[in-house]
Amino acid sequence: MVDPTSTLVFLDICWPGSLKQRVYIRLNSDSSLAKQFVLLCIGQRGPSYRFSTFLRVKHKGEPGEGVVGDYQHNSGKGGAPLQLHVWPPSNHSCKAGVLIPCWSPTGARSAQFVITTKDQQPGKVYNHVFGEVVSGLEVVKAAVNLDNVRKVTVVNCGIGLNL
């Protein structure tokens with residue numbers, strides 16, 4: 001089993017007319033959401049983010065903008081947790097590039113995630129932060145600016161080497 005204490009994961013994403021581009025995300029050690037994200041990146045229990053597509057853009061063009069991903073149905077109705085007891089971390093941030101759950105981190109769709117692409121507006125924070133993009137945020141921002149973010153595919157994912 002991989003220990004997510006300081007785990008670096010990657011998502012290789014592409015869309016029609018682009019080459020595969022890598023996004024590295026450092027996961028927080030105090031979160032079972034991070035452990036679940038690792039499991040979905042390596043496919044250890046079967047399901048994986050590999051070959052999934054981004055679902056939508058939350059708050060497009062506004063503070064708090066982010067891209068939503070899911071592994072299960074690519075419809076927004078999936079994202080079933082792989083672990084029975086997923087608890088939210090208490091980490092907060094207001095900046096772009098953080099990884100947060102799309103829904104309640106303890107709910108039936110807790111494996112859906114958001115990678116934020118714009119800072120949150122003053123006075124607001126992202127809750128339940130369980131990771132942060134350390135390289136490749138410009139790739140995610142480019143994907144958000146496409147006409148159809150659903151054409152963005154996670155072609156590969158896994159454990160990265162420490163930068």
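Me: pLDDT is the predictor's confidence in each residue, from 0 to 100; what is the mean pLDDT of the protein chain?
Reply: This is a predicted model, in which local features need pLDDT of at least 70, side-chain atom pairs count only at pLDDT 80 or more, and totals for chains, interfaces and linings use all residues. Residues are numbered from 1 along each chain as its sequence is written, and side-chain values use heavy atoms, with hydrogens and water left out. In the protein chain, 84% of residues reach 70 or more, and the mean pLDDT is 86.

Me: Which strands stand at the edges of the sheet?
Reply: Strands (E, at least two residues) and helices (H or I, at least four) are DSSP runs, numbered from the N terminus. Two strands pair if DSSP finds at least two bridges between them; here 8 strands form an open antiparallel sheet in the order β3-β4-β7-β6-β9-β2-β1-β10. Two of them have a single partner strand each, so one side of each is left without a neighbour in the sheet: β3 and β10 (153-159).

Me: In β7, what is the bridge partner of V67?
Reply: β4 and β7 run antiparallel and are joined by 4 bridges. For V67, the partner in β7 is I115.

Me: At about what angle does α2 run to β2?
Reply: Axes are lines fitted to C-alpha atoms, for helices over the stretch in contact (heavy atoms within 4.5 Å). Angles run from 0 to 180 degrees between N-to-C directions. Helix α2 lies across β1, β2, β3, β4, β7 and β9, and its angle to β2 is about 115 degrees.

Me: Is T117 buried or exposed?
Reply: T117 is found in the loop between β7 (113-116) and β8 (126-127). Leaving aside neighbours within four places in sequence, the contacts of T117 are E65, G66, A96, V140, K141 and V144. Its relative accessibility is 3%, so T117 counts as buried.

Me: Which side chain does a polar contact of 2.6 Å join to that of T117?
Reply: A polar contact is a pair of N or O atoms within 3.5 Å; within protein, one must be able to donate a hydrogen and the other to accept it, and residues adjacent in sequence count only if both atoms are side-chain atoms. At 2.6 Å, the side chain joined to T117 is that of E65.

Methods. Buried means under 20% relative accessible area, exposed over 50%, partly exposed in between (1.4 Å probe, protein chains only).
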